[in-house]
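Keep the coordinates open while reading.

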Number of protein chains: 2
Amino acid sequence: MSQITIIKNMPIISTKGKNMPESPIRKLVPYAEDAKKRGIEVFHLNIGQPDINTPQIALDAIKNNTIKVLAYSRSEGSEEYRTKIAAYYAKNNIDVTASDIIVTTGGSEALLFAMGSITDPNDEIIIPEPFYANYIGFSTASGVKIVPVISKIENNFALPPISEFEKLITPKTKAILICNPGNPTGYLYSKEEIEKLAEIVKKHNLFLIADEVYREFVYDNEQHQSILSGFGLDNHAIIIDSVSKRYSMCGARIGCLVSKNKELIQTALKFAQARLSPPTFAQIASEAALDTPQSYFDEVIVEYKGRRDLLIQELNKIEGVKVANPKGAFYCVAELPVDNADKFAQWLLEDFNLNNQTVMVAPCAGFYSTPGIGTNQVRIAYVLKKEDLIKSVEILKLAIETYNNN
Amino acid sequence: MSQITIIKNMPIISTKGKNMPESPIRKLVPYAEDAKKRGIEVFHLNIGQPDINTPQIALDAIKNNTIKVLAYSRSEGSEEYRTKIAAYYAKNNIDVTASDIIVTTGGSEALLFAMGSITDPNDEIIIPEPFYANYIGFSTASGVKIVPVISKIENNFALPPISEFEKLITPKTKAILICNPGNPTGYLYSKEEIEKLAEIVKKHNLFLIADEVYREFVYDNEQHQSILSGFGLDNHAIIIDSVSKRYSMCGARIGCLVSKNKELIQTALKFAQARLSPPTFAQIASEAALDTPQSYFDEVIVEYKGRRDLLIQELNKIEGVKVANPKGAFYCVAELPVDNADKFAQWLLEDFNLNNQTVMVAPCAGFYSTPGIGTNQVRIAYVLKKEDLIKSVEILKLAIETYNNN
């Protein structure tokens with residue numbers, strides 16, 4: 001009775017709030033914590049948090065700051081910082097000025113500003129899947145419908161045929177969103193693929209949003225193709241960027257939105273003004289990070305490339321495992337010979353260990369919006385040292401055998 | 001012809017984006033910048049950026065940090081920080097635990113999470129006006145309609161009769177939102193007023209959202225009444241909080257959302273997960289700031305009270321000026337004997353100076369959602385030293401006379 005009274009007196013949660021997705025990894029966190037309590041070491045292949053040190057120049061800038069009053073910065077980010085970002089882009093063959101840039105609280109906020117500026121409730125954005133799981137959260141928060149185009153592990157998750165996009169365009173379609181290089185796929189779009197996307201967004205007057213936060217993480221001498229590098233997309237392109245991965249500064253929460261479409265920038269600025277400013281300390285670190293020597297990146301790329309090669313090689317040795325070869329970022333998607341990756345990931349934490357060690361992986365279901373696909377795929381992040389990656393794959397191999405024999 | 005082609009090829013901005021308000025102050029910024037270029041000193045009475053130093057303990061925590069990898073924190077904020085916030089609340093007669101708190105990127109994000117968790121597009125939130133201008137931005141971004149209840153300068157902007165709220169409640173009403181003490185009004189709600197609000201939200205099963213970021217800034221030995229201090233609102237209350245004003249750390253961008261409604265917290269956490277985490281450096285500073293000695297606040301309150309008394313006294317000397325007596329925060333609303341405060345504020349910057357000095361004020365129209373009211377009111381922030389406040393009011397007095405003689 002009292003239970004009923006309490007529920008009756010409860011104000012209600014919105015449908016939007018109910019529809020917000022849980023982090024696909026978070027469901028597994030309690031099992032990982034329990035495993036650790038039982039004394040089991042968990043190798044975290046599930047996260048996008050690099051183990052690489054933040055550049056010393058960025059950390060020093062924070063230590064040497066002389067702030068007395070920690071004041072708001074400008075809503076669009078400080079002039080100095082945006083000017084330096086523009087110079088960074090120029091070096092990367094992206095021709096923009098400070099006024100084309102709005103500094104945001106992480107790439108997350110840049111995507112929220114973009115969605116708010118170009119979509120109304122029930123509008124649609126087409127995204128090749130699997131895609132970064134949090135796109136679902138931002139879309140739900142913005143009232144936008146994601147329309148997925150399935151990319152396939154057999155093709156390393158290359159761009160699906162452009163005719164597949166064309167079929168899905170309706171008057172409600174406002175944009176195509178890509179992540180390049182891809183999280184979770186590690187796929188790097190070719191010049192030809194970006195050209196096809198450029199053509200279709202111009203034909204249908206859509207925005208092309210590219211999440212390019214992994215721009216630097218490209219292997220095998222491939223070339224990253226930014227959507228603002230010569231595809232004639234000045235009116236259509238919106239770049240989402242972030243310092244999080246580039247400088248191993250995930251906790252800074254600094255990103256930016258970049259566009260040469262003035263109306264888009266003016267609109268996004270209004271969203272930025274409402275939340276006053278991006279974090280000041282983190283802007284100081286991020287501005288200093290732009291002076292990180294090239295040797296830092298050279299070392300990081302060598303390290304990631306080595307890890308990737310090792311990981312892919314070892315995964316391919318496991319019978320029944322299919323793995324896409326990533327050309328960028330620091331993730332790969334592997335299809336496992338198990339009935340269900342969600343159940344398997346939980347079982348790894350709850351019921352399995354090899355010499356008191358186990359692994360945590362990110363089941364891929366949360367990276368698809370089409371229900372029922374990718375259910376035996378996992379995302380593996382190579383953000384661990386090589387010796388730990390070797391141990392992790394060894395654990396995974398034995399675990400698959402044991403799981404399937406039960 | 002080419003102009004037309006360009007427009008035709010332009011992807012379109014959303015209605016939401018078009019409806020996002022410009023900052024009511026920003027329109028005046030170019031005029032202030034021009035005045036400064038002409039060598040005129042501008043006293044900024046228009047901003048909420050305190051001139052008070054940030055507590056040294058918070059700045060030292062940043063300088064002494066030992067971070068090597070600037071990693072994500074937990075989406076809800078670190079356990080340690082939330083535990084310390086809960087202890088701060090306990091001292092303020094607000095009985096919550098760490099699990100009732102989600103650390104956010106400023107109070108701004110806390111309000112966005114609250115709106116997202118409890119409203120769907122076209123739902124309504126009732127707010128006494130004038131209110132903090134950015135509430136319009138957050139509502140527009142969330143697709144929520146603000147339903148205003150007019151509070152009056154003649155009553156110092158006290159809570160309007162509760163019957164006025166009752167009249168406006170529809171099935172679409174999800175919450176009542178107050179700011180206490182008020183920005184821009186400086187009004188401090190009494191225990192009886194909060195009791196009335198508590199009664200009406202319980203009767204109609206609404207949330208009561210209280211923006212309590214100015215909690216410490218209360219004068220004349222009055223007592224701040226938090227909505228979570230004994231009003232029986234465990235299911236209904238959502239507190240929006242921030243370190244920005246409390247510790248003069250506006251640039252930190254750290255706030256929190258507080259509620260004892262578990263479903264609300266679980267829902268808001270999903271919004272928090274989508275954006276990964278609040279800024280790490282700023283959390284370190286904010287956690288340290290909780291150890292700020294009481295003497296800091298004592299000095300700050302004495303300073304603000306002195307400024308308020310001086311400002312109100314001097315404003316009251318100007319013929320035709322009506323000013324509400326603020327009991328908290330660091331703003332007051334003044335009604336000026338001018339035709340239009342927007343025009344007057346622009347004129348102050350463009351066409352007026354006294355010994356090469358002028359003032360910038362925030363016209364109040366942007367703090368109302370009912371069109372056409374408050375048009376001759378301005379918000380004056382007493383975030384300047386006393387001698388500058390005296391000069392500012394002197395300038396204002398002469399300016400009003402000159403403006404009205406033209």
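Where in chain A does Asn356(A) lie? Asn356(A) sits in the loop between helix H13 (341-350) and strand S11 (357-360) of chain A. Helices (H or I, at least four residues) and strands (E, at least two) are DSSP runs, numbered from the N terminus.

This is a predicted model: local features need pLDDT of at least 70, side-chain atom pairs count only at pLDDT 80 or more, and totals for chains, interfaces and linings use all residues. Residues are numbered from 1 along each chain as its sequence is written, while chains are lettered from A and ligands numbered from 1 in the order in which they are written.

**Chain A overall**
- Chain A has 14 helices and 13 strands.
- Its radius of gyration (over C-alpha atoms) is 22 Å, close to the 22 Å that the globule rule (2.2 Å times the number of residues to the power 0.38) gives for 406 residues, so chain A is as compact as a globular protein of that length.
- Of the 406 residues, 54% count as buried; that takes 20 or more other C-beta atoms within 10 Å of a residue's own, with exposed at 12 or fewer, partly exposed in between, and C-beta atoms placed from the backbone.

**Positive phi in chain A**
- Most residues other than glycine have a negative phi.
- Asn356(A) has a positive phi of about 65 degrees. It counts as exposed, with 10 C-beta neighbours inside 10 Å.
- Asn205(A) has phi near 55 degrees. Its loop runs between helix H9 (191-204) and strand S6 (207-211) of chain A.
- Asn205(A) counts as partly exposed because it has 15 C-beta neighbours inside 10 Å.

**Cis peptide bonds in chain B**
- Asn180(B) to Pro181(B) is cis, with omega near -5 degrees.
- Asn183(B) to Pro184(B) is cis, with omega near 15 degrees.
- Pro181(B) lies in the loop between strand S5 (173-179) and helix H9 (191-204) of chain B. Pro184(B) is also in the loop between S5 and H9 of chain B.

**A sheet in chain B**
- Four strands form an open sheet in the order S9-S10-S13-S12, with antiparallel pairing (strands pair if DSSP finds at least two bridges between them).
- Strands S9 (322-323) and S12 (362-363) of chain B stand at the edges with a single partner strand each, so one side of each lacks a neighbour in the sheet.
- S12(B) pairs with S13 (residues 377-381) of chain B over two bridges. Ala362(B) has Arg379(B) as its bridge partner in S13(B).
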